[in-house]
Amino acid sequence: MPSDRRMFLSAGLGATATLASCGSALTTAAQAVSAESSSLPGDVSLDVEVRAAAAQDFGRLIQRQPHGVLRPASSADIAGLLRWAKDQGVKVAARGQGHSTYGRALAEGGIVVDMGGMTAIGDIKPDHVVVDAGATWRNLLDATLAQGLTPPVLTNYLGLSVGGTIAVGGIGATSSRHGVQTDNVVALDVVTGDGRELSCSATEKPDLFDGVRAGLGQCGIVTRATLRLVRAPERVRRFQLFYRDLPSLAADQRRVLGEGRFDQLQGAVLPDGSGGWRYQLDGAVFHGSGSPPDDRAVLSGLSDERSAAVIADLTYRDDALAFGKFENLLRSKGQWSNPQPWLLTFLRGSNAERIAADVLSGLKGDAVGPFGRISLYPLLTRAFHTPMVRVPDEDIIFVFNLIRIRPSNDAATAARMVAENRTLYDRIREAGGVQYPVGAFAMSPFDWEVHFGSGWPQLREAKRRYDPGYLLAPGYNVS
Ligand SMILES: Cc1cc2nc3c(=O)[nH]c(=O)nc-3n(C[C@H](O)[C@H](O)[C@H](O)COP(=O)(O)OP(=O)(O)OC[C@H]3O[C@@H](n4cnc5c(N)ncnc54)[C@H](O)[C@@H]3O)c2cc1C
């Protein structure tokens with residue numbers, strides 16, 4: 001296996017008439033802003049380059065030019081902007097690290113709130129930390145590791161902002177044990193769509209807490225989060241195992257998941273370089289420096305092609321940052337800045353192998369590109385409690401993500417893949433699957449109603465209460 005490809009160890013990379021009519025009753029944001037530019041809050045930048053940077057995201061599939069960009073220093077700055085925006089009927093989108101793939105942090109003719117200046121990390125306590133929402137998980141991890149602590153769930157890529165993943169959920173390799181990142185949020189400080197600065201938790205304004213966690217930024221801009229911490233392992237022993245086919249990969253994944261054999265479990269279907277696929281299980285065991293696990297015991301009874309197995313032992317930090325090497329590789333090849341038409345979904349455990357095989361059989365050879373992958377691995381859902389995180393209602397589900405890394409910036413191919421994402425989403429949804437809401441294809445307000453299912457009335461009510469002007473996060477097209 002080329003070492004370049006090996007670097008991509010763990011990219012686990014998942015309407016109502018009422019809302020719609022309220023949204024459409026607004027004058028267009030662009031008109032409102034240009035008419036009222038003179039009254040713009042003072043710190044909003046109208047600089048051409050600043051606006052151009054906020055007009056696109058990692059996906060490079062959608063362009064939406066904002067009228068201005070606010071880089072707040074405090075929650076009060078955001079509250080001032082949102083009160084002004086409410087008066088003017090101007091749309092507002094928070095932007096963390098801009099790693100959305102389909103314009104979710106953009107606001108055509110509106111104001112983008114760039115959270116990059118709000119990154120403070122407060123005192124680190126044995127079981128929690130208070131952090132500004134613009135901080136990246138990388139910076140947070142470095143700070144907590146200095147005290148021997150870690151957030152229980154880390155995304156595979158740590159260059160995402162705390163606020164950006166709270167808006168969608170935040171899946172990681174430990175999610176079977178600890179749920180998603182939003183399950184590990186203790187409390188939030190939020191500026192609501194009508195400019196109120198509120199604190200919320202499971203016991204204080206729980207409707208806001210539940211509407212903000214994984215609520216796609218619809219109810220408020222998170223300014224600060226209190227996050228749970230646990231003791232960090234010292235080292236990670238990582239086992240990459242390879243299989244001839246999908247059934248044998250999935251069988252071993254189910255077996256080790258059921259036994260709790262690994263502390264982290266992921267896996268993927270990878271291009272084999274000659275038009276076919278390789279099947280990879282990626283498991284990790286945490287350990288202290290003097291007590292590595294017995295490899296033979298960890299691997300006993302598994303049906304992988306043992307001579308191909310790759311076993312590595314890393315510090316917890318190096319392992320958590322492994323995706324950074326892959327990012328550097330893609331940057332060096334110019335592929336990090338190509339269009340990224342990704343599709344992220346969860347399949348029902350009861351039909352995952354069948355649906356995954358069906359989708360795979362219909363994909364063209366260039367579906368994910370030479371460095372892309374199809375993440376495929378099972379998760380236990382028992383630790384998932386965030387109401388707005390939608391997954392199939394089964395004990396075991398499968399992550400099924402098309403991480404399409406385009407070798408060129410050919411717009412026509414990217415557009416074809418976005419259209420294909422929609423077709424695949426429809427097929428997966430019909431089979432009981434759910435989108436992890438960061439994929440690259442258009443969703444209508446009705447699609448979101450279907451997506452949120454039984455959670456929809458709760459989100460709709462929280463939106464009405466906390467963003468009555470329907471101004472926040474227009475890029476999702478929820479309202
Ligand atoms: C390379 C890569 C790897 C990834 N790996 C994972 C992974 O392992 N697990 C996973 O779960 N996801 C993963 N993702 C998806 C990622 O979690 C989401 O796209 C996330 O929203 C991006 O965070 P961001 O800071 O870049 O947010 P942005 O793209 O800036 O914003 C995303 C959305 O969140 C809203 N938002 C941002 N900040 C705030 C805030 N403070 N308050 C309220 N709303 C806010 C924005 O308005 C927007 O709607 C990955 C994405 C990429 C590109």
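Both Tyr-157 and Phe-323 are buried, a word used here for residues under 20% relative accessible area, with exposed meaning over 50% and partly exposed in between (1.4 Å probe, protein chains only). The model is predicted, so local features need pLDDT of at least 70 and side-chain atom pairs count only at pLDDT 80 or more, while totals for chains, interfaces and linings use all residues. Residues are numbered from 1 along each chain as its sequence is written, and side-chain values rest on heavy atoms, leaving out hydrogens and water.

A search of the whole structure turned up 13 aromatic pairs. Rings of Phe, Tyr and Trp (its six-membered ring) pair if their centres lie within 6.5 Å; planes under 30 degrees apart count as stacked, over 60 as edge-to-face and the rest as tilted. Among these pairs is that of Tyr-157 and Phe-323, which is tilted, with 5.1 Å from centre to centre and 50° between the planes. This pair links distant parts of the chain, 166 residues apart: Tyr-157 lies in the loop between strand 7 (149–150) and helix 7 (162–166), and Phe-323 in helix 13 (residues 323–332). Helices (H or I, at least four residues) and strands (E, at least two) are DSSP runs, numbered from the N terminus. Tyr-157 and Phe-323 also belong to one aromatic cluster with Phe-58, Phe-326, Trp-336 and Trp-342.

Trp-448 and Phe-452, each buried, form another tilted pair, at 6.2 Å centre to centre and 35° between the planes. Because these two residues are four apart in helix 16 (residues 445–452), about one helical turn separates Trp-448 from Phe-452.
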